[in-house]
Number of protein chains: 2
Amino acid sequence: VRISELAHRSKVPLPTVKYYLREGLLAPGTTTRPNQADYGDEHVRRLRLIRVLREIGRLDVGRIREIVNAIDDGRLSRHALFGTAARALASERGPADFAPEMERAREDVDQLIGELGWNVRGDAVGRRQLAESLAALRRLGRDVGPEVFRRYAAAADEMAGWELASIDPELPRAAAIERMVVGTVVFEAVFNALRRLAHEHRSAGSG
Amino acid sequence: VRISELAHRSKVPLPTVKYYLREGLLAPGTTTRPNQADYGDEHVRRLRLIRVLREIGRLDVGRIREIVNAIDDGRLSRHALFGTAARALASERGPADFAPEMERAREDVDQLIGELGWNVRGDAVGRRQLAESLAALRRLGRDVGPEVFRRYAAAADEMAGWELASIDPELPRAAAIERMVVGTVVFEAVFNALRRLAHEHRSAGSG
């Protein structure tokens with residue numbers, strides 16, 4: 001279809017579609033005539049994905065580009081892709097600054113992950129985020145060790161288990177990866193919203 | 001103590017301390033002489049709290065003000081406070097736009113929350129966030145109902161259960177509320193980081 005029809009079908013404004021083409025978030029169409037290109041279903045799908053990453057994941061264009069490039073890179077394993085997605089999804093602001101507590105917190109977190117037997121890269125962004133949280137708790141005067149994360153780790157591992165099991169192994173690689181990315185972004189928002197609602201519910205009437 | 005000592009103890013730069021005073025995030029000290037005020041432990045504690053909300057929660061000054069005002073407002077129940085915290089913690093950007101799917105999604109989410117028996121306000125921000133997520137999944141062509149949220153709701157409710165139980169009921173009200181706010185912000189970051197690490201771990205070797 002032509003670009004105007006692509007914009008219509010994907011419910012994305014035409015200037016935005018053109019912007020994504022310029023920024024490399026969307027692959028060029030097949031040139032049919034000078035100044036005219038043809039777009040297919042995969043373009044519609046990609047535009048919908050971009051929209052969800054933008055509106056639910058709140059990602060900027062640079063982060064979305066990292067993710068779509070990773071999806072399109074046939075050499076990346078699913079494992080590598082999760083690392084890429086986690087980096088892209090990590091907060092756009094720089095790391096928090098909780099020195100001098102950070103060094104010990106990093107060691108504590110690395111030890112916990114070792115004890116859990118989790119196979120994650122040494123530079124995984126999640127390690128830094130956990131260490132920042134631990135350092136923040138200590139800064140607030142709470143004398144806690146990484147064992148405060150164990151229950152959360154068990155819950156997260158269980159959730160990751162259902163989530164990966166829910167991806168049909170027969171899906172083609174690109175579709176499976178898209179599903180993983182969407183699931184990561186959308187269900188993170190879902191879980192965070194539900195946890196806060198559950199807090200509100202459980203504290204009702206407690207004064 | 002004097003303001004310079006306050007900055008030193010709380011590890012917050014002096015100009016930032018002055019900025020928080022001007023912005024009303026920090027209560028004025030007790031005036032001891034013209035141009036000199038005395039600050040106490042509660043000021044140190046408040047500065048540490050602000051730092052965690054800023055660095056882990058990534059909240060801007062306006063949102064932090066809403067939260068500290070709520071903590072200081074002795075009339076608010078814990079239930080009301082959770083609502084305030086959830087609103088303040090909700091994304092700074094406006095709502096996502098997934099019309100026309102939103103209307104049905106809102107009804108579906110309200111029905112789910114009714115079935116769960118959760119006592120949360122009709123205008124709780126979490127309802128909108130869940131509806132946005134549901135609308136986004138449908139926009140991506142997934143024909144799903146709010147029952148996809150049930151497992152997440154059960155996990156969130158269980159987590160909220162331990163979290164509220166871990167707050168010592170003997171704590172004074174202000175300290176208990178501070179703990180709730182910190183727990184909401186810090187352990188949300190912790191859980192999200194752990195979930196992504198668990199994805200990376202569980203997809204290792206799956207190709």
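Predicted model: local features only at pLDDT ≥ 70, side-chain atom pairs only at ≥ 80, totals over all residues.

Biologist: How many helices and strands are in chain A?
Modeller: Chain A has nine helices and two strands. Starting at the N terminus, its elements run α-α-β-β-α-α-α-α-α-α-α.

Biologist: And what does the C-alpha trace of chain A span along its principal axes?
Modeller: About 70 × 45 × 35 Å.

Biologist: On to the interface. What area do chain B and chain A bury between them?
Modeller: About 8,400 Å², with 63% of it on carbon and sulfur atoms. The contact involves 84 residues from chain B and 84 residues from chain A.

Biologist: How many salt bridges across the interface of chain B and chain A?
Modeller: The rule finds ten. There is also a salt bridge between the side chains of B:Lys11 and A:Glu101, at 3.8 Å from N to O.

Biologist: Different topic. At what angle do H1 and H3 of chain B pack?
Modeller: Helix H1 (residues 3-10) and helix H3 (residues 41-55) of chain B pack at about 45°, and their axes are 9 Å apart. H1(B) is therefore oblique to H3(B).

Biologist: Is the crossing of H1(B) and H3(B) left-handed or right-handed?
Modeller: Right-handed.

Biologist: Which residues meet there, H1(B) to H3(B)?
Modeller: From H1(B), B:Leu6, B:Arg9 and B:Ser10; from H3(B), B:Asp41, B:His43, B:Val44, B:Leu47 and B:Arg48. The residues of this contact between H1(B) and H3(B) are three nonpolar, two polar and three charged.

Notes:
Residues numbered from 1 in each chain as written. Chains lettered and ligands numbered in written order. Heavy atoms only, no water. Axes fitted to C-alpha atoms, helices over the stretch in contact; angles between N-to-C directions. Helix = DSSP H or I, 4+ residues; strand = E, 2+ residues; numbered from the N terminus. Parallel < 35°, antiparallel > 145°, perpendicular 65-115°, else oblique. Left-handed = near helix turned anticlockwise from the far one by under 90°. Contact = heavy atoms within 4.5 Å. Nonpolar A, V, L, I, M, F, W, Y, C, P; charged D, E, K, R; others polar. Buried area = accessible area lost by both parts, 1.4 Å probe. Salt bridge = Lys/Arg side-chain N within 4 Å of Asp/Glu carboxyl O.
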